[in-house]
Amino acid sequence: MNVEEEVERLKEEITRLGKIQPDGSYKVTFGVLFNDDRCANIFEALVGTLRAAKKRRVLTYDGELLLQGVHDNVEITLKATPPPATAASSGN
């Protein structure tokens, strides 16, 4: 699995585990993500995937490196994705 695929899978898992916010974003704590069995099976290096997603501005969290235990309560916010453009709005 390449980095882009892993980031997409991470977005799916944050959507599954997180709580939707009024602005359409999702929030989940690092501890919830790290301790989830499904995530443990999908992501060989969860912290690396989180850093890659942060670098791509897909999500945000405080700090650079998240460590299990120490940072379990750090909130990870998956940014809201804009709705896809429809054919009706393109003027066709």
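Colleague: Where is Leu 67 found, and why is Leu 67 called buried, partly exposed or exposed?

Modeller: Leu 67 is found in the loop between E3 and E4; helices (H or I, at least four residues) and strands (E, at least two) are DSSP runs, numbered from the N terminus. Buried means under 20% relative accessible area, exposed means over 50%, and partly exposed lies in between (1.4 Å probe, protein chains only). The relative accessibility of Leu 67 is 41%, and therefore Leu 67 counts as partly exposed. This is a predicted model, in which local features need pLDDT of at least 70 and side-chain atom pairs count only at pLDDT 80 or more, while totals for chains, interfaces and linings use all residues. Residues are numbered from 1 along each chain as its sequence is written, and side-chain values use heavy atoms, with hydrogens and water left out.

Colleague: What does Asp 36 touch, not counting residues up to four places away in sequence?

Modeller: With that exclusion, Asp 36 touches Glu 13, Arg 16 and Leu 17. Contact means heavy atoms within 4.5 Å.

Colleague: How do you know on which side of H4 the buried residues lie?

Modeller: In helix H4 (residues 46–55), the buried residues are Leu 46, Thr 49, Leu 50, Ala 52 and Ala 53. They cover an arc of only 160 degrees around the axis, and therefore they are on the same side of H4. The arc is that of the directions from the helix axis to the C-beta atoms. These buried residues pack against helix H1 (3–17), H2, strand E3 (59–60) and E4.

Colleague: In which sense do E2 and E4 pair, and over how many bridges?

Modeller: Two strands pair if DSSP finds at least two bridges between them. E2 and strand E4 (residues 75–78) have four bridges and pair in the antiparallel sense. Among the facing residues, Tyr 26 stands opposite Leu 78 in E4, and Lys 27 has Thr 77 as its bridge partner in E4.

Colleague: How many bridges join E3 to E4?

Modeller: E3 and E4 run antiparallel and are joined by two bridges. Here Leu 59 stands opposite Leu 78 in E4.

Colleague: What do E1 and E2 form?

Modeller: Strand E1 (residues 19–20) and strand E2 (residues 26–29) pair in the antiparallel sense over two bridges. They form a hairpin with five residues between them.
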